[in-house]
Amino acid sequence: MSTPTRTPTGAPEHLTGPGSGGVGDDAQRPDGVLKVRGEFAYGSDLWMEDMLWGVTLRSPHPYARIRSVDTSAALATPGVSAVLTADDVPGEKVYGLELADQPVLALDVVRYQGEPVALVAADHPETARLAASRIHVDYDVLEPVTDARTALGHPTWNQVHDSTAEVTELSRESAHLHPEGNLVRHLKVRTGDPAPTADVVVVGEYEVGMQDQAFLGPESGLAVPAEDGGVELHVATQWLHVDQKQICSALALPPEQVRLTLAGVGGAFGGREDLSMHVHACLLALRTGRPVKMSYNREESFFGHVHRHPATMRYEHGATRDGELVYVKAAIYFDGGAYASSTPAVVGNGGTMGIGPYVVPNVHVDCYGAYTNNPPCGAMRGFGSVQTAFAYESQMDALAAELGMDPVELRCRNAMEEGSATPTGQVIDSPAPVAELLRRLEAMPLPAASGDGEVDLRDMPGGVSNTTHGEGVRRGVGYAVAYKNVAFSEGYDDHSTARVRLEVVGGEPTATVHTAAAEVGQGLVTVEQQIARTELGVERVVVHPKDTSVGSAGSTSASRQTYVTGGAVKAACEKVREQVLARAERLVGRTVPDLRLAGGSVVSDSEDITVPLADLLGDDVLEATLEWRHRPTEAIDPETGQGFAHVQYAFSAHRAVVDVDTELGLVKVVEMACTQDVGKAINPQAVVGQIQGGTAQGLGLAVMEEILIKDGKVRNPSFTDYLIPTILDMPPMRIEVLEYADPHAPYGLRGVGEAPNISSGPAVLAAIRAATGLPLTRVPVRPEHITGT
Amino acid sequence: MDFLQPATWAEALEAKAAHPDAVPIAGGTDVMVGLNFGHLRPARLLDLTRVADLRDWQVADGAVRLGAAVSYARVISELGDRLPGLAMASRTIGSPQIRNRGTVAGNLATASPAGDAHPALLAAGAGVEVASARGTRRIPIDDFYTGVKRNAMDDDELIAAVHVALPSGPQQYSKIGTRNAMVIAVAAFGLALHPDRRAVGTGIGSAAPTPRRAPAAEEFLAGELDSSGLWESRAELPEATIARFGELVAAAAAPIDDVRGSARYRVHALSVMARRALTWAWADYRNSANQGA
């Protein structure tokens, strides 16, 4: 009874594929055909006979004290098997990725709209929802804290030219949402002259709205009670082992009794790094003794995961007359919402990389993460770097305008390169082709002007809505460049585990790769196969279902899996290869130095040796399991921010060309061009896919994507009003992928997924500014910002 | 929830008479969203997809009778020349999948102020044919919208068809959304020139509690065209006339601030859309004379 009848990644055969292609090839995804044909089972497709449906009752208030919860009417509803509240959580009642501060179910206070308060399991989802509506919660509604600076007691800025923005004393005037106060983290970067002066000074304030990951597959999972008193959870997630750890803590069960298997994941982008229904479904399954499925609908999904931190930022750039950066001062505020989630690490990224990929001798950055009663914010693609890029790249454009310099020229003049020191004192010890990325963009041809010949409405701002035939339309071009750390930073023990098996199945040598690394749509399963093919010289590679019966692979985030789990798979393959070659040498009876694996055989180029693996292995199985780590990073100094914080950086740049209907404020992005250094493209087609997807997500934040919050309440929890780009919004792209190997990384590769998400939006914003001549300091840009109405 | 499936129009009217609370469903592009989000839990659904007559359209007496279950996709592909304003509006609706399912009658039944078809129907001076077991009546489009998501139909009535006169002059339709496709209107504007009766029709969407016309703008423009002999001369429209028309259209709106846009922006956008729509429509009118049409 412990196996669902529909498992998302299916039997291992599903991920075998007839495939071919090693490292550097455009290998086909093993799950590609299933997905295109609509046959791939996602978490929401999980099903077992006799299962119950779980639903969550959530707080309608952003901040309230709970006087009492009465579940009697819900329990009395026919078809209901269980109604649970915080009292029913057997273990630790709070959890969290970095700080355990978030209740599994609300204790005495709710701190955001949508906070889970109670759970219901019933034989039908409609029955469960009806019963949930019958739970009576008596709330004492409190005044919510909805602004990060107010939460910290910092004054809001109203004078752009007041250059003393740093506030050292926290006045703590607003309500304390947590016992330690409302400050989650304050990161300081201090380098060079504390009181620098410069010929030219540019000050700006910027704001970034709250973006959602907008993954298409809602939070879903199925918890199955096990005979040993434990539970098996099939769930769509990003990091099985960090889920397992938190679930064990809440259930007071050891890891052996909480077994997780990855269900089909329909996108993640950081939004599945925190727990959603995981503990809830397990609690209901253990209470009822029956499998329990939970699957959020679209509206609940907007309340069921963290979002990208909104940011308010104030920057001051000083430069010489001829365009050399002298100093940057920045104050960056991230609104973390009600619970910490990954706010400390987001502050880490925002602060350490907050001035962009430039060489600046004097830097003074204060980066804050605050608790408020807004929805909790945490991981999202770009992780703290997306927000600051809007600010620092806008500043570079403003500075270029002030200096009368070309914006690309100014950037190239100050660009980081290999050997440059970052503001945290880290010397960049692998290629950093910032200027080259920009120069290559500049050299690309520009798209034809609009309005030549017959008007095609699809090319116009507004599309087929027929708002302009060219009237009011002006073109603009903008550039941006960005960088981001790859993998986990600041001394975190970042590792992955891989188990690789080699055997002969049906006469064919077959490798099986077993890791717990979550495939969320990015194509890691393809990469795992490619690496095994290259390292073991076999065609047939089975990707074992992702589960916790192997060690942690770390998170599918921070652009890290190809690097870290790819590194682990490569190392495990090498171990297996050693065993195979040793066996081959025993067979031939002597040492052959150039023995290698190719085409399913052990071969030598210097001697005429070809030993088919089928003969060499017989019925034997060779296997290796190991943990692999990238070189260690260090914690940064709490007062100066100095230290070897990040193991690798990814660099990308964008050029955006836009047409803006300046009278109506509507934007058509005409073309996006991107250059990115990926070190080594393990799967070039997948790399291009990541660049296109990241670009679209960045474009979305620039012109439309925002969760609108008023008084702590979400006003647009649906895809009717939370808009993401369509094919008429996302233009064709020009992409150049550079491959400058990082000598410290497996195959020389760099993480790919996040960088293009960071530089795309600021380029679009710069292009809109160029088209309109308006300062535009907030994203997403709304039509009203352009028309002034 | 009961699911009623009449096979004929007569059966449908009987079912509606017997169960006035039954929610009619044809394309389902509104109803199914309500059901899926849990916002709608009707006791009964009345499925109209088996009533074949509703999928027909005919031309008679100088007007199109558009059956209630004709999809937007068919309005675009089959009626683009006969119902140009409505076809332009239909092109702005949702995705191809939605246009294949959704119907003009569904837009009317929901009567959302943001419904895309309404400004085109108002500008063209459409009539809504509604029926019940008691009989059939025609509701002029001006009287149809009675409040936010309310219309002039009785509980036992169903929409049989929409009647729209064949165009005697150019029609235009513009809609503002905050992305370039698949978006609910922030504001929309429909315009129809009626040279046969020397009149001007307008329709405003998403900028008042109901879709509405801009009567002062219509009268102003018709008056200018008349007094200056422009219907006959087809001379260029004075800039001042175009600008004034835009102002009067904007003045007819009574919008609110909401997540999709500010009231001020809606007013501004209406004036711009009205000016541009008039410019394009008048250029078409002048062109049609040059081509001898």
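This is a predicted model: local features need pLDDT of at least 70, side-chain atom pairs count only at pLDDT 80 or more; totals for chains, interfaces and linings use all residues.
A salt bridge here is a side-chain nitrogen of Lys or Arg within 4 Å of a carboxyl oxygen of Asp or Glu. A:Glu393 sits in helix H9 (residues 385-403) of chain A and A:Arg411 in helix H10 of chain A, so the pair ties together parts 18 residues apart in sequence. Both ends are tucked away: A:Glu393 is buried, at 1% relative accessible area, and A:Arg411 is buried too, at 0%.

Helix H10 (residues 407-414) also holds A:Arg413, whose salt bridge goes to A:Asp322, the closest N and O atoms being 4.0 Å apart. Since A:Asp322 belongs to the loop between strand E16 (311-319) and strand E17 (325-335) of chain A, this pair links parts that are 91 residues apart in sequence.

A:Arg655 is buried at 0% relative accessible area, as is A:Glu671 at 7%. Over in chain B, salt bridges with shared partners gather B:Arg134, B:Arg137, B:Asp154, B:Asp156 and B:Glu157 into one network. Over all chains, the count comes to 67 salt bridges.

Now for where the chains meet. Chain A and chain B bury about 3,000 Å² between them, 50% of it on carbon and sulfur atoms. Chain A brings 42 residues to the contact and chain B 34. Across this interface there are 5 salt bridges; B:Arg41, for one, pairs with A:Glu126, the closest N and O atoms being 2.3 Å apart. Elements giving two or more residues to chain A's side are helix H3 (125-133), helix H7 (298-304), strand E29 (666-677) and helix H17 (783-787). That side splits into 14 nonpolar, 15 polar and 13 charged residues.

Finally, helix H1 (residues 9-18) of chain B has B:Trp9, B:Ala12, B:Leu13, B:Ala15 and B:Lys16 as its buried residues. Seen down the helix axis, these fall within an arc of 160°, so they line one face of H1(B). Their cover includes strands E1 (2-4), E2 (23-25), E3 (44-47), E6 (127-132) and E10 (158-165) of chain B. The face turned away from the buried side carries the exposed residues B:Glu14 and B:Ala18.

Methods
Residues are numbered from 1 along each chain as its sequence is written. Chains are lettered from A and ligands numbered from 1 in the order in which they are written. Side-chain values use heavy atoms; hydrogens and water are left out. Contact means heavy atoms within 4.5 Å. Buried area is the accessible area (1.4 Å probe) that two parts lose on being put together, summed over both. Helices (H or I, at least four residues) and strands (E, at least two) are DSSP runs, numbered from the N terminus. Ala, Val, Leu, Ile, Met, Phe, Trp, Tyr, Cys and Pro count as nonpolar, Asp, Glu, Lys and Arg as charged, and the others, Gly among them, as polar. Buried means under 20% relative accessible area, exposed over 50%, partly exposed in between (1.4 Å probe, protein chains only). The arc is that of the directions from the helix axis to the C-beta atoms.
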